[in-house]
Amino acid sequence: MAAFEYRQAEEIRDAFSRHGVRYLFLGKSGAILLGFPDTTQDADLFVEKSPENGAAIVAALRDLGFDLAEAQAAQIERGKDFVQLKNGPFDLDLIFAPDGIEDFSLAWRRHVEVAGFPVCHIDDIIASKEATGRAKDRESLPRLKAFRDYWLEQQE
Amino acid sequence: MGETGAKSEIPQEWLEEFEAASKRDLRTRFRYAFIHTYKPVLDDEPFRAFDTTADYRRWCEENLPSWLGYGRV
């Protein structure tokens with residue numbers, strides 16, 4: 001598996017748009033879209049939990065080349081809280097219920113668009129990383145919080 | 001949403017990195033940002049689904065090598 005490429009992010013954006021998927025880039029991939037200079041391995045998508053959105057996600061993923069068995073598609077359609085996909089052209093995490101963010105509609109209300117990519121607000125990205133309590137997130141938080149201050153000043 | 005901090009409070013080295021990144025286009029930032037290394041256990045299954053995010057966190061703690069950093073501190 002090669003590293004995730006910009007072209008693949010565009011493919012997600014376009015396929016999800018065609019199928020009307022409600023989603024947001026979250027985690028470090030979201031921060032990178034906002035301009036955060038750091039490294040990560042794969043894309044995290046915060047997806048709205050609803051039967052319609054679940055069906056749209058499955059259709060979009062199949063368009064993208066993910067090899068989903070019926071049982072796997074059913075789990076996405078039902079909206080399992082966390083789905084890890086490594087059966088397609090790139091790795092993808094679908095997060096229906098991220099730590100630290102109350103619900104999708106609130107995150108959507110304050111999201112940011114970057115080149116047509118819907119991205120969680122930097123404060124939601126930080127809140128979710130703080131809530132995980134993971135070692136790898138704790139290490140990156142001070143720099144991410146400094147980037148937040150920089151980014152907010154750029155928006156003024 | 002928290003308060004906006006001042007640029008002067010950001011360590012100089014980080015500020016220089018943020019400013020350099022802001023001058024790169026998105027495509028270039030992507031090229032520098034995404035890497036791929038094999039993650040034992042995590043990368044060994046093509047599909048996993050967890051009923052709750054807490055189940056996923058627990059699974060990571062119980063199954064992944066600690067050096068991957070997925071465990072809670």
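Asp14(A) is found in helix α1 of chain A. Is Asp14(A) buried or exposed, or something in between? In this predicted model, Asp14(A) has 14 other C-beta atoms within 10 Å. A residue counts as buried at 20 or more such neighbours and as exposed at 12 or fewer. Asp14(A) is therefore partly exposed. Leu68(A) gives a reference point along the chain: Asp14(A) and Leu68(A) are 54 residues apart in sequence. In space, their C-alpha atoms are 19 Å apart.

Now take chain A as a whole. Chain A has seven helices and six strands. From the N terminus on, these elements run α-β-α-β-α-α-β-β-α-β-β-α-α. The C-alpha atoms fill a box of roughly 45 × 30 × 30 Å along the principal axes. The radius of gyration of chain A is 15 Å. A compact globule of 156 residues would have a value near 15 Å, so chain A agrees with that expectation. Buried residues make up 49% of the 156 residues in chain A. Consider next the contacts in chain A with a separation of 6 or more: residues 24 or more positions apart account for 62% of them.

What sits inside? The largest nonpolar core has 57 residues. Seven of these touch the most other members: Phe25(A), Leu45(A), Phe46(A), Val47(A), Ile57(A), Leu94(A) and Ile95(A). Phe25(A) shows how such a residue is surrounded. Leaving aside residues up to four places away in sequence, Phe25(A) touches Gly30(A), Leu33(A), Ala43(A) and Leu45(A), and also Phe117(A), Pro118(A), Val119(A) and Cys120(A).

Helix α6 of chain A, residues 122-132, also has a buried side to inspect. Its buried residues are Ile122(A), Asp124(A), Ile125(A), Ile126(A), Ser128(A) and Lys129(A). An α-helix has 3.6 residues a turn, so residues three or four places apart point the same way. Which elements do the buried residues of α6(A) pack against? They pack against β1 (23-26), α2 (27-34), α5 (104-109) and α7 of chain A. After α6(A) comes Gly133(A), with a positive phi near 70°.

Within chain A, β3(A) pairs with strand β4, residues 92-95, in the antiparallel sense over four bridges. Leu92(A) in β4(A) is the bridge partner of Leu85(A).

Which strand of chain B pairs with β3(A)? The partner is strand β1 of chain B, residues 47-50. This pairing is antiparallel and has four bridges. Arg48(B) is the bridge partner of Gln84(A). Val83(A) stands opposite Ala49(B), again in β1(B).

The contact between the chains extends to other elements. The contact takes 41 residues from chain A and 39 residues from chain B. On the side of chain A that touches chain B, the elements that give two or more residues are α1 (6-18), α4 (70-78), β3 and α7 (135-155) of chain A. The largest share comes from α7(A), with 10 residues. By type, the residues on this side of chain A divide into 19 nonpolar, nine polar and 13 charged.

Chain B has its own outline. There are three helices and one strand in chain B, and along the sequence the pattern is α-α-β-α. The radius of gyration of chain B is 18 Å, well over the 11 Å that the globule rule gives for 73 residues, so chain B is more spread out than a compact globule. The C-alpha trace of chain B spans about 40 × 30 × 25 Å along its principal axes. Of the 73 residues of chain B, 16% count as buried.

Last come the confidence scores. The model scores ipTM 0.92 and pTM 0.94. Chain B averages a pLDDT of 90, and 90% of its residues score at least 70. Among the elements of chain B, β1(B) has the highest mean pLDDT, 98. The lowest, 94, belongs to helix α2 of chain B, residues 26-33.

Terms used. Residues numbered from 1 in each chain as written. Chains lettered and ligands numbered in written order. Predicted model: local features only at pLDDT ≥ 70, side-chain atom pairs only at ≥ 80, totals over all residues. Pairing = 2+ DSSP bridges. Contact = placed C-beta atoms within 7 Å. Nonpolar A, V, L, I, M, F, W, Y, C, P; charged D, E, K, R; others polar. Rg over C-alpha atoms; globule rule 2.2 N^0.38 Å. Core = buried A, V, L, I, M, F, W, Y, C linked by C-beta atoms within 7 Å. pLDDT = per-residue confidence, 0-100.
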